[in-house]
Amino acid sequence: MTGLGHSPSRLLTPTGGYLRGYDYTLNPYIGCAYGCKYCYVQALPVARFRSEPWGSYAEAKRIDPEDLLRELRGARRRGGTRIFMSSSTDPYQPAEWRVGATRSILLTLQSEPELVDFLFVQTRSPLVARDAEILASLRHRVLVSVTLETDREDVRRRFTPRAPTVRARIRAIEALRAHAIPVQVAVAPILPSSPDFPRLLAALSDFVAIDDWFIGDGANGRRSRALGVEQWYLPDERDAWYRPGQARDFAELLAERMPRDRIFLHQQGFLPLDVRRPFDERIDPEHA
Ligand code: SF4
């Protein structure tokens, strides 16, 4: 089900925990129609207390530009406005084509860009390229992060059958970069890929964020195991591709193709750019 017009009291939610470095999260939708098999959100109370299965609903929030500007001005008075969009859904749902909730948010931010310190846009949808001109106008305050866990379409279909294709995401990234918008590829979680993937990533993006099932789930792999992630690997893939340390090993491989200071591991890859530490700085695992 997709819906329109859920009216929240506020759009900006103060952050905490994993999203340190940000002041607020902004989720234009409730639920997510991509329904990735491995999605951690499906195990959170926000999803478990719904009667419909995760992946079957994505309700757009009603966006009132004046209310959003009022919230931003209040946030600005209280401190910073570093915003993570989105933490528990993808801001470019299939319904976004017709609903335009995320586009409405971006247009609002564009109208008073000085109210935004930094906007991190996390998506796996090529629809983000539709908003390239708006994002380009915010380019000194924005980073678009496009998830691309693999370059293999067969693997993409196995783990995320309803997500956009590899090819469509690559085209979207190219379109964003053609507008000089800062773009990172989020290889998160890292999945089995072809030997050409590092070369593609180096050519495709300004930054690469890499995460795996073990540190990336925030629970040393327990949440990943609870979701049964291992079952989606082919027997001959498991040893090489489902193991702790895989993200760091892939980062080393990638560093043969692109500068190390453009590669980020685990949580570092999702922080505002100015507070990140590149992957070869040893980072306390608790703050990885
Ligand atoms: S796109 Fe993100 S939020 Fe949506 S189901 Fe996939 S992992 Fe979960």
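**Backbone, sheet and ligand**

Author: P189 lies in the loop between β9 and α8 (197–204); helices (H or I, at least four residues) and strands (E, at least two) are DSSP runs, numbered from the N terminus. The model is predicted: local features need pLDDT of at least 70, side-chain atom pairs count only at pLDDT 80 or more, and totals for chains, interfaces and linings use all residues. Residues are numbered from 1 along each chain as its sequence is written, and side-chain values use heavy atoms, with hydrogens and water left out.

Reader: Which residue does a cis peptide bond join to P189?

Author: A188. Omega there is about 0 degrees.

Reader: And what is joined to S86 by a cis peptide bond?

Author: M85, with omega of about 15 degrees. S86 is in the loop between β6 and α3 (96–99). Most peptide bonds are trans.

Reader: What is the phi of N220?

Author: Positive, about 55 degrees, although N220 is not a glycine. N220 is in the loop between β10 and α9 (222–226).

Reader: OK, the sheet. What's the strand order?

Author: β2-β3-β6-β7-β8-β9-β10-β11, an open sheet of eight strands with mixed pairing. Two strands pair if DSSP finds at least two bridges between them.

Reader: Which are the edge strands?

Author: β2 (12–14) and β11 (263–265); each pairs on one side only. On average, neighbouring strands of this sheet are turned by 25 degrees against each other, direction ignored. Axes are lines fitted to C-alpha atoms, for helices over the stretch in contact, and angles run from 0 to 180 degrees between N-to-C directions.

Reader: What packs on the sheet?

Author: Helix α7 (residues 166–178), touching β8 (142–147) and β9. Contact means heavy atoms within 4.5 Å. The direction of α7 makes about 165 degrees with that of β8.

Reader: How many bridges join β9 to β10?

Author: Four, between residues 183–187 and 207–210, and the strands run parallel. Q184 stands opposite F207 in β10.

Reader: And how many join β3 to β6?

Author: Two, and these strands also run parallel. Y24 has I83 in β6 as its bridge partner.

Reader: Switching to the ligand. What surrounds it?

Author: C32, Y34, G35, C36, C39, W54, T89 and R124. Near means that one of a residue's heavy atoms lies within 4 Å.

Reader: How does that shell divide?

Author: Five nonpolar, two polar and one charged. Ala, Val, Leu, Ile, Met, Phe, Trp, Tyr, Cys and Pro count as nonpolar, Asp, Glu, Lys and Arg as charged, and the others, Gly among them, as polar.
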